[in-house]
Amino acid sequence: MKIKNKYDYIDNRELSWLKFNERVLEEADCETTPLLERLKFISIFTTNLDEFFMVRVGTLNDYMKYIPDYSDDKTGMSAKEQLLEIYKNTETLYRLRDYVFKKLDVSLRENNINFEKMSNLDENKIKKIEKYFKRNILPILSPQIIDVWHPFPFIQNKKLHIAVHLENKKNKLIGIIPVPEGIDRIIVLDKEKNTFLLLEDIILYFAQDIFSMYKFIDSTVMCITRNADIDTDLEIYDDSTDYRQHMKKLIKNRSKLSPVRIEMQKKMNKDFNKYFMEKLNLNKEQLFISETPLDTIYCFSLENFIPADVKEKLTYTPFTPIQTIETENMIEEILKKDRLLHFPFERMKPFLNLIKEASNNSKVKAIKMTLYRISKESKLASYLINAAENGKEVTVLMELRARFDEENNIEWAQKLEEAGCRVIYGTDKFKVHSKICLITYKDENEFKYITQIGTGNYNEKTAKIYTDLSFMTSDEEIGIDADKFFKNMAIGNLSGVYKKLWIAPVGFKNNIIASIEEEIKKCEEGKTGTVIIKCNSFTDKDIIKALVRASEKGVQVTLIVRGICCLIPEVIGKTENIKVISIVGRFLEHSRIYAFGMKEERKIYISSGDMMTRNTEHRVEISCPITSEENKEKIEHILDVIMRDNIKARRLQNDKKYIRLLPKENEENINSQEVFMKETLENK
């Protein structure tokens, strides 16, 4: 199908995302990556794809039903056209995943790690597993047939099932067995030889015995994916509505939404497939066959089952972030000078120490912060609770709508509230995605502010695996802006005016475009115009158009975009001066940096927001200027190293394909994340 595109320099968002996930899958096929880490990339790819179907494909299915005249404003594609392209591209990705997974299985066996199928075992081993099955698995199975007396069951989202095709007196029927979740997926067959089985393969093998009263035709492992794009906005409510309770109800509904995909681990006959298609109201394009296990999360726990020496050989060399700020008085440190942390190469601990110190310091009168995603065992939250118990005014703007983290956030909101913190939830229709913390400090008769602004979540766990920036400053104007921000959010005012901070939905996008226009003006005056943007996704059409104008005027634009990038570079006459690169490596590239101008005059902002319309117009985001020379040089170094990466970088071409940037002859090999790790350890 030929895609009708309104603009020759804009790609479709969904198709661009699939290309990103293909880059993730490429890491599973990268032979310089340790074997067990490659297996984890298979799992990351799979989880990404699951969420894509639950959210984006779910949304497009809703558009087809409820907004039939919807079309993508960038490419002009209808919801149906986008879905057909998604299904076609996804089918290709399934085949590629199977190919990579088979290669990994061969490599695992070469390293004496063996996942076996029941059908390949000898009689003695089968008897051993049968004994285990009858003692440890069979008692908790809930098999059923589906007929007039046993109606088609509700199949939970992403829950593995064994589906069995049976015959009874020449009548075809279906048997189904949910795979229990309270048992380890990895079953050890032979510890000495590192030989394992997957739980679902054992149940699949013995399914014929479970339904022994019927004639067995065939069986497979099966899984369905449901639309999980719940509408979290409160359309109809009164003053007595408890938003936290409202969210709890919505989360329960998520597992009951319409199916959008069915996966099977084996090709079954047409009658079998047709039966499930009709029951689940799915089309044939929504059925995917995968020889790779349908749930690959077990890949992360495999290393717990193998000897330490084997694990050491097949995983990344452990990296421990360093503590770059060694002081017992973080408040005094930040009052003296601005500090910038680069995760995961530097530890989050200095910031945590700042909050811990503030919670106990008698001069600290208030702590206010936004929380989007925090860990289940959050030290930060415990420090906030301690601050409230010590009589500080603690305000937490908790975003309950952080997708797939809603339950954790609801629990923490309740704990914080019970401890005496004032908890607010942002505003209707606008997620608060900002990462900002304000400490109000009274020294004699003078109030001082310490403000922290970050590009990533206040999450101790992800701070070890995401690249992010955390900026701490005592800049008075930034502190006043931060104080104004929290006051505005408490009264639902999204239109506040700020001196230094760029805050969406009002000031962020306008300032980005104005900064691009400044670079255009430089080129028109015969000077050099430069724009560097590092973000996770790039879809905002207005900013794309501004960059196209900049490119046409000669502005040199570099986009470092990990995921979706709808702007197609190097299109003759349009985007010739735009370069797009993507880094997929050991750590998840997550920091957002916006830089304008040449080094000697460059203005640099770090931000919580991506270049997506949802961030620039429909979320509350914060961007903060970095002004000290020391910190500007640090960020410029980060950008420079990333732009010289020729190991993990891919470059987007004008044919919408990504190519690896391989080292040229006599060129130094640069893996940017390894450079940062090495530099961090050298500066220890």
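Student: Leaving aside its neighbours within four places in sequence, which residues is phenylalanine 115 in contact with?

Tutor: This is a predicted model. In it, phenylalanine 115 is in contact with Asp105, Arg109, Ile186, Phe196, Leu198, Tyr298 and Leu302. Contact here means heavy atoms within 4.5 Å. Phenylalanine 115 itself lies in strand E1, residues 114-115.

Student: Why is phenylalanine 115 called buried?

Tutor: Buried means under 20% relative accessible area. Phenylalanine 115 has 15%, so the word applies.

Student: How far apart are the C-alpha atoms of phenylalanine 115 and phenylalanine 676?

Tutor: They are separated by 36 Å. Along the chain, the two residues are 561 places apart.

Student: Now salt bridges. What makes lysine 172 and glutamate 167 a salt bridge?

Tutor: The cut-off is 4 Å between a side-chain nitrogen of Lys or Arg and a carboxyl oxygen of Asp or Glu. The closest N and O atoms of this pair are 3.5 Å apart. The pair therefore meets the definition.

Student: Which of the two counts as buried, and which as partly exposed?

Tutor: Glutamate 167 counts as buried, because its relative accessibility is 17%. Lysine 172 is at 48%, so it counts as partly exposed. Exposed would need over 50%.

Student: Why does the salt bridge of aspartate 443 and lysine 363 tie together separate parts?

Tutor: Their closest N and O atoms are 3.6 Å apart. Aspartate 443 lies in strand E15 (residues 436-443). Lysine 363 lies in the loop between helix H10 and strand E11, so the pair ties together parts that are 80 residues apart in sequence. Aspartate 443 is partly exposed at 23%, and lysine 363 is partly exposed at 35%.

Student: Where do glutamate 477 and lysine 500 lie?

Tutor: Glutamate 477 is in helix H13, residues 476-490. Lysine 500 is in the loop between H13 and E18. They are 23 residues apart, and their side chains meet in a salt bridge at 3.6 Å, N to O. Glutamate 477 is partly exposed, with 30%.

Student: How many salt bridges does the structure hold, and which residues form a network?

Tutor: The structure holds 55. Glu26, Glu27, Lys648, Arg650 and Arg660 are linked in a network.

Student: Why is one side of E18 and of E28 left without a neighbour in the sheet?

Tutor: The open sheet has 9 strands, in the order E18-E26-E24-E23-E19-E20-E21-E27-E28, with mixed pairing. E18 (502-503) and E28 (658-660) stand at the edges, each with a single partner strand, so one side of each has no neighbour in the sheet.

Student: How do you know that E18 and E26 pair?

Tutor: Two strands pair if there are at least two bridges between them. E18 and E26 have 2 bridges, so they pair, in the antiparallel sense. Isoleucine 503 has isoleucine 622 of E26 as its bridge partner.

Student: Which strands does helix H1 lie across?

Tutor: H1 (residues 13-28) lies across E20, E21, E27 and E28. It runs at about 25 degrees to E28.

Student: What makes the reach of helix H14 close to the expected one?

Tutor: H14 has 17 residues, and 24 Å is expected at 1.5 Å a residue. From first C-alpha to last, H14 reaches 25 Å.

Student: Why are the buried residues of H14 said to line one face?

Tutor: The buried residues include Phe508, Ile512, Ile516 and Cys523. Seen down the axis, the buried residues fall within an arc of 165 degrees, so they line one face of H14. On the other side, Asn510, Lys521 and Glu524 are exposed.

Definitions and conventions: Residues numbered from 1 in each chain as written. Predicted model: local features only at pLDDT ≥ 70, side-chain atom pairs only at ≥ 80, totals over all residues. Heavy atoms only, no water. Helix = DSSP H or I, 4+ residues; strand = E, 2+ residues; numbered from the N terminus. Axes fitted to C-alpha atoms, helices over the stretch in contact; angles between N-to-C directions. Buried < 20%, exposed > 50% of the residue type's maximum accessible area, 1.4 Å probe, protein only. Expected span 1.5 Å × (residues − 1). Arc of directions from axis to C-beta.
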